[in-house]
Amino acid sequence: RLAEHERAVAAMLANVPGVFFRRRRNPTGAATYPLVSGSVQAVLGISAEAAVADTRGLFIGLHPNDRLALRIAFEDSLSPGAPPV
């Protein structure tokens with residue numbers, strides 16, 4: 001059942017516009033990106049595999065001027081009741 005669910009999620013992520021991702025914090029407080037949709041290649045010019053493998057995740061494809069704004073949005077989204085990024 002889990003494998004079926006994972007296939008369905010993978011198919012959905014492969015067919016929607018925009019970049020979808022899962023962001024987690026590890027025990028040291030660093031963020032990781034265990035799941036990034038393939039559309040990140042078209043949007044940010046990096047592969048999903050690169051975004052998952054590098055702890056900088058989606059930040060590695062962003063223009064330097066946009067990194068701080070995204071970092072602030074991520075931090076703000078951790079507050080209770082805050083909208084997702």
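Colleague: Where does serine 39 lie?

Modeller: Serine 39 lies in the loop that links strand S2 (31-36) with helix H2 (40-44).

Colleague: What makes Val16 a contact of serine 39?

Modeller: A contact needs heavy atoms within 4.5 Å. Serine 39 is in contact with Val16, and also with Gly18 and Val19, once its neighbours within four places in sequence are left aside.

Colleague: Which residues does leucine 58 touch by that rule?

Modeller: Not counting residues up to four places away in sequence, leucine 58 touches Val19, Phe21, Tyr33, Val36, Val40, Leu44 and Ala51.

Colleague: And what makes up the largest nonpolar core?

Modeller: That core has 12 residues in all, among them Leu58, Tyr33, Val36, Val40 and Ala51. To belong to a nonpolar core, a residue of a listed type, such as Leu or Tyr, must be buried and joined to others through side-chain atoms within 4.5 Å.

Colleague: How many of the elements are helices, and how many are strands?

Modeller: The protein has four helices and two strands. Starting at the N terminus, their order is α-β-β-α-α-α.

Colleague: What share of the protein is buried?

Modeller: Of the 85 residues, 19% are buried. The protein exposes about 6,000 Å², and carbon and sulfur atoms supply 59% of that area.

Colleague: How far apart are the mean positions of the positive and negative charges?

Modeller: They are 3 Å apart, for 9 positive and 7 negative charges. Lys and Arg count as positive here, Asp and Glu as negative.

Colleague: Why does pLDDT matter when I look at the model?

Modeller: Where pLDDT is low, the predicted coordinates should not be read in detail. This protein averages a pLDDT of 84, and 100% of the residues score at least 70.

Colleague: Which element has the lowest mean pLDDT, and which the highest?

Modeller: Strand S1 (residues 21-25) has the lowest, at 82, while helix H3 (residues 48-53) has the highest, at 88.

Methods. Residues are numbered from 1 along each chain as its sequence is written. This is a predicted model: local features need pLDDT of at least 70, side-chain atom pairs count only at pLDDT 80 or more; totals for chains, interfaces and linings use all residues. Side-chain values use heavy atoms; hydrogens and water are left out. Buried means under 20% relative accessible area, exposed over 50%, partly exposed in between (1.4 Å probe, protein chains only). Accessible areas come from the Shrake-Rupley method with a 1.4 Å probe; for residues, only the protein chains shown count as cover. The place of a charge is taken as NZ of Lys, CZ of Arg, CG of Asp or CD of Glu. pLDDT is the predictor's confidence in each residue, from 0 to 100.
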